[in-house]
Amino acid sequence: MHGKKRLLYTLFAAAAVSLSACTLSAAEPDQEELNLIQAAQEMRAAGRVQLNFKDLDMAKFIRFMSELFG
């Protein structure tokens, strides 16, 4: 279990570092982002995580991970 958490933290850190030079817009989240946020909250509540980020915008990935980790 610690290995999975470590992997998630590593992925999150790598994404945050890669975005350090980018600016994120403060626009309202679209429906896809709202769905990701809801999924992250449900996964956190259930204690189970399923990751599939194919073709996902980096800003939405960061938002998902921040919701997942609270």
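Confidence in this chain is lowest in helix α1, residues 2-18, at a mean of 69, and highest in helix α2, residues 31-46, at a mean of 88. The score here is pLDDT, the predictor's confidence in each residue on a scale from 0 to 100. Over the chain the mean is 77, and 73% of residues reach 70 or more. Where pLDDT is low, the predicted coordinates should not be read in detail.

This is a predicted model, in which local features need pLDDT of at least 70 and side-chain atom pairs count only at pLDDT 80 or more, while totals for chains, interfaces and linings use all residues. Residues are numbered from 1 along each chain as its sequence is written, and side-chain values use heavy atoms, with hydrogens and water left out.

The chain has three helices and zero strands, in the order α-α-α from the N terminus. Helices are DSSP runs of H or I with at least four residues, strands runs of E with at least two, numbered from the N terminus.

I turn now to the interior. Of the 70 residues, 21% are buried, that is, under 20% relative accessible area with a 1.4 Å probe, protein chains only.

Beyond its neighbours within four places in sequence, M43 contacts R48, V49, Q50, F64 and L68, a contact being heavy atoms within 4.5 Å.

Key
Buried means under 20% relative accessible area, exposed over 50%, partly exposed in between (1.4 Å probe, protein chains only).
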